[in-house]
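Subject: Structure handover

Hi,

Here is the structure we talked about. My notes on it follow below.

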Amino acid sequence: MPHFAVPPEFGIRIPNFLPPPLDNSRYLLYFATMAETATPELTPGTIETTEEKPKSGLEPGYLVVCWNDPVNYMDYVTHVFRVVFRWTRKKAEFHMLQVHEQGKSVLKRDSMEKAEHYVHQLQKYSLHATMERDE
Amino acid sequence: MKLIRLTKGNFLFQFGKREKHLLTQVLRLYPRIPPATFRLSKSGKLPDAEANQRLLDESLAEQREQNRKTLQAFLADARRFTDTESGSRLSLSPSELEWLLQILNDVRVGSWIILGSPQQGIEFKILNEKTAADFWAMEMSGQFQMRFLEALEKREV
């Protein structure tokens, strides 16, 4: 018995004395029998265009910063960080304490679009958050 | 006000008669944060800074308007609060609770801004007849906020 099976529809006989083939050999045999003309992917006259967004908007070069204020409760700030960033309590508390003790905390470094999104989310909760270019 | 039952999709609070009145009074103050308070950037070193700031202002204004309408419907819904002998009960879903936290914090932060954004420890120096109502709104919204946060904590335990 050969070590592999060839689908009968191909009509190719595999001698028994051949050494065991590689796993993909039956597919190689299949493709060897199917000579085709390659069809070009681009038809004449077609111009391939790719929309390129401004580089500055895609690179993760923007910081989401939360600033300290004396009005937002510490528990509330922790809660908002957990909701907006889906952080663990430990991580959220770490950043909340950083805001409280150092006046600010960098919460994320991301692309401009994502940083804008996070700032908007934090401001929806009335937190003092901004985005700054990472220089 | 206390949480009396917590199920997967629901928080049930018991309010005293006066507490219900206080909560609705505080909520009616929304929105309190003046428009265009928040800045997108502190340094201003962003591409298209003005246009992006305008977009943020518009987006927050839209959000505020939507919240205002939802809040009106919330307050007008007579079935929201179920009267009991000792007061009334309020049932909230987790997303409603999250939304109420945003509303209450707007009232708190907005009142603080109206008071002149006083630093911690000196705020009571400016407490007088003229500022008493804003102090009341700031402190009362904060009290409700803390009770709701405590309820959310219990969900995690």
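**The interface**

Chain A and chain B bury about 2800 Å² between them, with carbon and sulfur atoms giving 56% of that area. On the chain A side, P70(A), V71(A) and Y73(A) lose the most area to chain B. Together these three make up 23% of what that side buries. Please keep in mind that this is a predicted model.

In residue terms, 30 residues of chain A are in contact with 35 residues of chain B.

Now the polar side of the interface. The rule finds 15 residue pairs in polar contact across it, both partners at pLDDT 80 or more. Four elements of chain A give two or more residues each to the side that touches chain B: β1 (62-67), α3 (74-85), α5 (112-124) and β3 (129-133). The largest share comes from α5(A), with 6 residues. By residue class, the chain A side divides into 13 nonpolar, 8 polar and 9 charged residues.

How many salt bridges does the rule find across the interface of chain A and chain B? It finds 2. One pair to look at is R89(A) and E153(B). Their side chains meet in a salt bridge at 3.0 Å, N to O.

**The sheet in chain A**

Chain A has an open sheet of 3 strands, in the order β2-β1-β3. The pairing is antiparallel. Which strands sit at the edges? They are β2 (104-110) and β3 of chain A, and each pairs on one side only. Neighbouring strands of this sheet are turned by 30 degrees against each other on average, with direction ignored.

V64(A) stands opposite K108(A), which belongs to β2(A).

**Helices on the sheet**

Helix α4 of chain A, residues 89-102, lies across β1 and β2 of chain A. Its direction runs at about 130 degrees to β2(A). Helix α5(A) also packs on the sheet, where it touches β1, β2 and β3 of chain A. The direction of α5(A) makes about 160 degrees with that of β3(A).

Best wishes

How values were computed
Residues are numbered from 1 along each chain as its sequence is written. Chains are lettered from A and ligands numbered from 1 in the order in which they are written. This is a predicted model: local features need pLDDT of at least 70, side-chain atom pairs count only at pLDDT 80 or more; totals for chains, interfaces and linings use all residues. Side-chain values use heavy atoms; hydrogens and water are left out. Contact means heavy atoms within 4.5 Å. Buried area is the accessible area (1.4 Å probe) that two parts lose on being put together, summed over both. A salt bridge is a side-chain nitrogen of Lys or Arg within 4 Å of a carboxyl oxygen of Asp or Glu. A polar contact is a pair of N or O atoms within 3.5 Å; within protein, one must be able to donate a hydrogen and the other to accept it, and residues adjacent in sequence count only if both atoms are side-chain atoms. Ala, Val, Leu, Ile, Met, Phe, Trp, Tyr, Cys and Pro count as nonpolar, Asp, Glu, Lys and Arg as charged, and the others, Gly among them, as polar. Two strands pair if DSSP finds at least two bridges between them. Axes are lines fitted to C-alpha atoms, for helices over the stretch in contact, and angles run from 0 to 180 degrees between N-to-C directions.
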